[in-house]
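Thanks for asking me to look this one over. Here are my notes, in the order in which I would go through the model with you.

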Amino acid sequence: MIQITDLHKKFNGQTVLDGIDLEIRDDETMVIVGPSGCGKSVLLKHIVGLLHPDSGSITINGEDITRYSEKQIYELRRKFGMLFQSAALFESLSTGENVGLWIKEHTDTPDDQIEAKVERILNLIGLRGIQNKNPSELSGGMKKRVGLARAIIHDPQFLLYDEPTTGLDPIMSDIINDLIIKIRQELKNTAIVVTHDMTSVYKIADRIAMLHKGKIIFIGSSDELRKSENPLVQQFIQGKAQGPITL
Ligand SMILES: Nc1ncnc2c1ncn2[C@@H]1O[C@H](COP(=O)(O)OP(=O)(O)OP(=O)(O)O)[C@@H](O)[C@H]1O
Ligand SMILES: [Mg+2]
């Protein structure tokens with residue numbers, strides 16, 4: 001379980017996280033939504049220890065990680081898989097090498113076993129036999145899926161996705177959504193997904209948290225989100241320019 005309590009973060013005097021309280025339960029898919037610039041990515045970066053809060057705590061498996069040393073943070077990252085918005089593949093490596101990178105760098109696993117694992121994961125995500133391709137030969141949707149394969153290769157307890165479907169066509173988005181669900185079922189892990197894509201939200205979320213001006217203004221199921229009487233929530237899910245949320 002991840003327990004975030006009263007988390008505050010400012011950048012150069014600008015408040016970005018203004019007292020975030022959020023619990024992410026084991027084995028759930030928690031989706032975080034909110035207007036551009038409201039602090040979703042900043043929140044994810046705190047959870048993996050890439051950013052340090054001004055105050056508040058983040059307890060993971062019972063330990064407050066905001067008190068961790070650099071070495072402990074490094075160890076903590078083993079528990080996480082992260083799919084970045086731009087798949088962030090290394091062009092100097094083949095697709096297979098990209099996927100197997102974590103295991104090669106962090107374990108003594110022999111190459112043939114890494115290759116077998118890479119093959120298994122690529123089959124899981126529907127990209128059989130592309131190990132030897134260079135990332136530059138892949139389409140955007142394929143890159144996203146390879147990024148996903150790379151994020152799950154070490155069976156992480158927590159999977160974090162930052163806008164996994166942004167920039168993809170509706171069919172590829174649905175393929176990614178199905179994969180997020182399938183991976184959750186196969187690896188039995190906890191997922192946190194940041195997205196703007198409401199179709200994706202309704203399909204994959206167990207619970208949804210909406211962020212606005214550094215605070216959680218809604219938390220609940222898809223049904224509760226649809227029925228929410230909060231005008232901020234309604235404006236966001238209906239995608240209207242007019243309303244209480246202004247840029
Ligand atoms: N390292 C940083 N230094 C200074 N300001 C930052 C830093 N990271 C983020 N910010 C600021 O914090 C705010 C929230 O940024 P964040 O990236 O979390 O937004 P977001 O909700 O993910 O938006 P989007 O939906 O557009 O990705 C923005 O105003 C951004 O400029
Ligand atoms: Mg972001």
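Predicted model: local features only at pLDDT ≥ 70, side-chain atom pairs only at ≥ 80, totals over all residues.

1. Residues are numbered from 1 along each chain as its sequence is written, while chains are lettered from A and ligands numbered from 1 in the order in which they are written.

2. Start with ligand 1: its shell consists of Phe11, Val16, Gly34, Ser36, Gly37, Cys38, Gly39, Lys40, Ser41 and Val42 (a residue is near if its C-beta atom, placed from the backbone, lies within 6 Å). Helix α1, residues 40-47, gives the most to this shell, with three residues; helices (H or I, at least four residues) and strands (E, at least two) are DSSP runs, numbered from the N terminus. By type, the shell has four nonpolar, five polar and one charged residue. Here Ala, Val, Leu, Ile, Met, Phe, Trp, Tyr, Cys and Pro count as nonpolar, Asp, Glu, Lys and Arg as charged, and the others, Gly among them, as polar.

3. Next, the hairpin. Strands β1 (residues 2-11) and β2 (residues 14-24) run antiparallel and are joined by eight bridges; strands pair if DSSP finds at least two bridges between them. Gln3 has Glu23 in β2 as its bridge partner. Two residues lie between the strands, and Asn12 takes a positive phi near 45 degrees.

4. Which residue does Val31 touch, leaving aside those up to four places away in sequence? The list is Val193, Thr195, Val201, Ile204, Ala205 and Ile208, with contact meaning C-beta atoms, placed from the backbone, within 7 Å.

5. Now the open sheet: six strands in the order β6-β7-β8-β3-β9-β10, with mixed pairing. The edge strands, each pairing on one side only, are β6 (80-83) and β10 (215-220). From one strand to the next, the twist averages 15 degrees; axes are lines fitted to C-alpha atoms, for helices over the stretch in contact, and angles run from 0 to 180 degrees between N-to-C directions.

6. Within that sheet, β6 and β7 (residues 158-162) run parallel, joined by four bridges, and Leu83 stands opposite Tyr161 in β7. Helix α6 (residues 170-187) packs on the sheet, touching β3 (29-33), β7 and β8 (190-194), and its direction makes about 160 degrees with that of β8. Helix α9 (residues 231-238) packs there too, touching β3, β9 (207-212) and β10, at about 105 degrees to the direction of β9.

Note on methods: Contact = placed C-beta atoms within 7 Å.
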